[in-house]
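Here are my notes on this model. Please read them with the structure open.

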Amino acid sequence: MTAPSYRTEVAVVGAGIVGLAFAWEAARRGHSVVLFDRTARPEGASVRNFGMIWPIGQPPGEDYQRALRSRQRWLELRDQAGLWVAECGSLHVAHHDDENEVLREFATAAGKLGVVCEYLTATEAAKRVPAVATPGLQGALYSPTELAVNSPAAVTRLPQFLVERYGVQLRLGVAVTDVSMPEVRTATGERWRADRVFVCSGSDFASLFPEVLSTAGIRRCKLQMMRTRPQPNNWRLGPHLAGGLTLAHYKSFRVCRSLGVLKARIAATMPDYVRYGIHVMAAQNDWGEVIIGDSHEYDDDISPFDKPDIDELILAYLRPRLNLPDWHIAARWHGIYAKHPTKSFVTAEPQPGCVIAVAPGSTGMTMSFGLAADWWESHT
Ligand SMILES: Cc1cc2nc3c(=O)[nH]c(=O)nc-3n(C[C@H](O)[C@H](O)[C@H](O)COP(=O)(O)OP(=O)(O)OC[C@H]3O[C@@H](n4cnc5c(N)ncnc54)[C@H](O)[C@@H]3O)c2cc1C
């Protein structure tokens with residue numbers, strides 16, 4: 001019996017946020033699209049994250065603007081797909097002189113850099129965000145641009161939205177085993193002819209185009225995460241919360257000369273946090289749960305087994321910064337993403353018409369819609 005054969009204009013491999021973004025951009029331009037994922041329910045990095053859309057962490061300029069473009073797309077999805085998307089903003093809190101100095105310097109430079117944010121004194125921060133703990137608080141940076149999404153709910157809903165709105169064909173629970181343009185083959189024996197194929201296979205470097213992915217300099221990174229049970233009495237965190245460790249993590253703050261002092265202090269006084277790449281953030285979803293993380297362990301250091309010590313370090317850092325009514329941890333997990341040391345995304349075209357789009361690192365939720373929109377705009 002011959003295998004079934006189908007025709008589409010665009011085939012997308014991987015229904016994580018990157019694949020969803022490329023599929024949506026293709027569908028909204030009127031292309032016929034088929035979307036494959038080897039798992040029937042989403043299990044990748046896109047359902048394991050904070051759900052933070054985080055422009056404030058992106059380097060000012062092209063990346064920040066791309067993040068804002070993504071942000072706009074998320075707001076469209078709120079209206080069109082019925083997703084929960086909250087315009088919560090973010091607050092970085094300072095508990096050391098050097099952290100306060102970085103926040104002041106960044107806020108002063110922000111206007112020229114095209115970044116929207118404002119410095120708050122400790123009193124102003126506590127007034128605006130009552131969830132913030134005040135002992136030792138020196139100041140804060142408020143940014144209005146960050147969004148909160150419920151990642152598991154959104155990434156489950158989006159494929160259905162693509163079917164309902166654009167007639168996208170879904171092949172969930174179907175692994176793609178080979179792409180030889182113009183043909184895509186699946187483990188279930190289907191053969192598809194496509195004009196364009198996007199391979200958005202996340203942190204799997206072994207299945208498709210291993211010769212490209214294994215030599216592209218991409219690393220795998222494991223992050224440990226937790227979430228509380230729903231907070232009582234409709235308590236709300238308000239903006240996403242980040243502390244001084246985060247200032248050393250995101251590229252945006254590298255424009256600050258004062259960052260060197262902060263980094264030196266952290267290196268000298270917080271070796272466990274440095275060893276595990278810990279910086280601490282908190283976000284709240286529409287179910288009232290507070291999502292807390294994270295750590296960064298790379299490549300050979302990645303173990304299938306999590307380290308309770310990491311969770312303790314994260315919670316020890318957050319407790320003095322946040323007045324959380326209920327600290328009971330209801331779930332713990334880890335996620336793995338692919339990341340390039342210098343590029344914010346890795347794209348390649350190993351065959352004409354076949355585009356690999358992977359490795360958005362810690363910013364896939366923030367950047368993918370902008371990346372896909374920019375890609376389609378420059379190729380049509
Ligand atoms: C713990 C954690 C917290 C994070 N927090 C944030 C955050 O708050 N904000 C933010 O912007 N980013 C965040 N990130 C980063 C973000 O989650 C990732 O950048 C993003 O999810 C990567 O998306 P992806 O589509 O590349 O990968 P994935 O979500 O892993 O999707 C890849 C998909 O491809 C499928 N696949 C692979 N190979 C095949 C094949 N051969 N055939 C069929 N299907 C295949 C897989 O099954 C998978 O579903 C976080 C990441 C982690 C791990």
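1. Start with Pro-182, which sits in the loop between β10 (176-180) and β11 (183-186). The bond joining Met-181 and Pro-182 is a cis peptide, with omega about 5°. Keep in mind that this is a predicted model.

2. A cis peptide bond also joins Gly-293 and Asp-294. Omega is about -5° there. Asp-294 belongs to the loop between β16 (290-293) and β17 (297-298). Most peptide bonds are trans.

3. Now look at the loop between β13 (219-228) and β14 (240-242), where Asn-233 lies. Phi of Asn-233 is positive, near 55°, and the residue is not a glycine. Asn-234 is placed in the loop between β13 and β14 as well. Asn-234 has a positive phi of about 55° too. Most residues other than glycine have a negative phi.

4. Asn-234 is exposed because it has 7 C-beta neighbours inside 10 Å. The cut-off for exposed is 12 or fewer.

5. Turn to the largest nonpolar core, which has 113 residues. Val-12, Val-13, Phe-22, Ala-23 and Ala-282 touch the most other members. Helix α1 (residues 17-28) gives the most to this core: nine residues. The core draws at least three residues from each of domain 1 (5-46 + 152-216 + 343-378) and domain 2 (90-144 + 219-339).

6. Which residues does Val-12 touch? Leaving out residues up to four places away in sequence, its contacts are Gly-19, Phe-22, Ala-23, Val-33, Leu-35, Phe-36, Phe-198 and Cys-200.

Technical notes
Residues are numbered from 1 along each chain as its sequence is written. This is a predicted model: local features need pLDDT of at least 70, side-chain atom pairs count only at pLDDT 80 or more; totals for chains, interfaces and linings use all residues. A nonpolar core is a set of buried Ala, Val, Leu, Ile, Met, Phe, Trp, Tyr and Cys residues joined through C-beta atoms within 7 Å. A residue is buried if 20 or more other C-beta atoms lie within 10 Å of its own, exposed if 12 or fewer, and partly exposed in between; C-beta atoms are placed from the backbone. Helices (H or I, at least four residues) and strands (E, at least two) are DSSP runs, numbered from the N terminus. Domain bounds come from an automatic or database domain assignment. Two residues are in contact if their C-beta atoms, placed from the backbone, lie within 7 Å.
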